[in-house]
Amino acid sequence: HRDLHSFPTRRSSDQGTRVLPEERPKFKKGTGRIYETLKIKCQPVAVNSGYVWPKNKPLSSNKTITISILNPIDPGLNKEEFLNLLENNIYSELEK
């Protein structure tokens, strides 16, 4: 049994960049391809660091970053269904 960990980055050109908390860009398709090809469970994690360290602004002090471990997604969905579920789960958690 092996785990696969993937931390998504948003890319603009070749530069990794944070997004504003209210932005909801589509997730990259590679995560869906990995999930579908390897037929493995996915453990979604939501991180609200955009509220503490906003894009194009200084780091805010005395704030807490919350890391939420969400319900796992079992294998068996196609990559489009998986990505839709993953996005909805993570973005819903970030809106709490």
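Lys79 and Glu36 form a salt bridge, with their closest N and O atoms 3.6 Å apart; the term denotes a side-chain nitrogen of Lys or Arg within 4 Å of a carboxyl oxygen of Asp or Glu. This pair links distant parts of the chain, Lys79 standing in helix 2 and Glu36 in helix 1, 43 residues apart. Helices (H or I, at least four residues) and strands (E, at least two) are DSSP runs, numbered from the N terminus. The model is predicted, so that local features need pLDDT of at least 70 and side-chain atom pairs count only at pLDDT 80 or more, while totals for chains, interfaces and linings use all residues. Residues are numbered from 1 along each chain as its sequence is written, and side-chain values use heavy atoms, with hydrogens and water left out.

Lys79 is partly exposed, at a relative accessible area of 28%, and Glu36 is likewise partly exposed at 28%. Here buried means under 20% relative accessible area, exposed over 50%, and partly exposed in between (1.4 Å probe, protein chains only).

Helix 1 and helix 2 are also joined through aromatic rings. Tyr35 and Phe82 have ring centres 3.9 Å apart and planes at 5°, so the pair is stacked. Rings of Phe, Tyr and Trp (its six-membered ring) pair if their centres lie within 6.5 Å; planes under 30 degrees apart count as stacked, over 60 as edge-to-face and the rest as tilted. Because Tyr35 belongs to helix 1 and Phe82 to helix 2, the contact ties together parts that are 47 residues apart in sequence. Tyr35 is buried at 3% relative accessible area, and Phe82 is buried at 0%.

The count of aromatic pairs is two. Phe27 and Tyr91 have ring centres 5.4 Å apart with planes at 80°, so this pair is edge-to-face. Phe27 lies in the loop between strand 2 (15-17) and helix 1 (29-38), and Tyr91 in helix 2 (residues 79-94), 64 residues apart. Phe27 is buried at 10% relative accessibility, as is Tyr91 at 10%.

Salt bridges number four, among them one between Glu87 and Lys26, whose closest N and O atoms are 3.2 Å apart. Glu87 lies in helix 2 and Lys26 in the loop between strand 2 and helix 1, so the pair ties together parts 61 residues apart in sequence. Glu87 is buried, at 7% relative accessibility, whereas Lys26 is exposed at 57%.
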